[in-house]
Amino acid sequence: MIETERLILRRFKEEDYNDLFEYLHEPQVNCFVSMKLNTIKDAKRAVFERMNENTGLYFAIILKSENKVIGELFVHPEENDKESYAKGTLCPCWMLNKSYQRHGYMNEASTAYVSYIFGMEEINRLFCYTEDYNIPTQKGLEKLGFKQEKLFKNFISFISDSKGVPILENTFRYVLLKKDWISRR
């Protein structure tokens, strides 16, 4: 568990399914469309999967004042992406309920999360992908100290058009090194 001024970052609990459903029944960005939840039953299954995730780095973001899950943070190694992946590298991801955006919660949560990750001796580098249209995430990454490393044009598709043709998106990769994180603290 990680605690900040307004938030608690903790493992998911069984009772979190309604809050999870609230923000994942309509994902805000295309990269999370595959996580879309259509029913409460789906949300209960998704909470169970999060509870049983084994990296120890999957956290629910709890707003203390409401005792409510307002988002989540998780990481995964990009083992199939040989250009980005190296030993000691992780790719953090996060999402926030749209009703709680623009209050500084994600910056507070992600700052604590990045500190936690870089507290692990073996982690030296983080990188994130974000769509070129997702300006709030780009600004958030830059505020944390991530540097834009590369633009991938027509890189990936998460959705298709009405004819079933994949819609390719431009995606930025941002990188943050542990030494740069430490020097900013």
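Is S110 buried or exposed? In this predicted model, S110 has a relative accessibility of 3%, so it counts as buried.

**S110 and its surroundings**
- You will find S110 in helix 3, which spans residues 105-118.
- A polar atom of the S110 side chain sits 2.7 Å from the backbone oxygen of M106, and a polar atom of that side chain is 3.4 Å from the backbone oxygen of N107.
- Leaving aside residues up to four places away in sequence, S110 touches L73, W94 and L144.

**The nonpolar cores**
- The largest nonpolar core has 32 residues, and L9, Y113 and F146 are the ones that touch the most other members.
- Elements that each supply at least two residues of this core include strand 2 (7-10), strand 5 (89-96), helix 4 (135-144) and strand 8 (166-177).
- Helix 3 gives this core its largest share, 8 residues.
- There is also a second, separate core of 20 residues, with L37, A43, A60 and V69 among them.
- In soluble globular proteins, nonpolar side chains tend to be buried together.

**F146**
- Beyond residues up to four places away in sequence, the contacts of F146 include P92, V114, L126, Y174 and L176.

**L63**
- L63 belongs to strand 3, residues 59-63, and is buried, with a relative accessible area of 2%.
- Not counting residues up to four places away in sequence, L63 touches R6, L7, K68, I70, Y100 and Y105.
- L63 and L9 are 54 residues apart in sequence, while their C-alpha atoms are 9.0 Å apart in space.

Key
Residues are numbered from 1 along each chain as its sequence is written. This is a predicted model: local features need pLDDT of at least 70, side-chain atom pairs count only at pLDDT 80 or more; totals for chains, interfaces and linings use all residues. Side-chain values use heavy atoms; hydrogens and water are left out. Helices (H or I, at least four residues) and strands (E, at least two) are DSSP runs, numbered from the N terminus. Buried means under 20% relative accessible area, exposed over 50%, partly exposed in between (1.4 Å probe, protein chains only). Contact means heavy atoms within 4.5 Å. A nonpolar core is a set of buried Ala, Val, Leu, Ile, Met, Phe, Trp, Tyr and Cys residues joined through side-chain atoms within 4.5 Å. A polar contact is a pair of N or O atoms within 3.5 Å; within protein, one must be able to donate a hydrogen and the other to accept it, and residues adjacent in sequence count only if both atoms are side-chain atoms.
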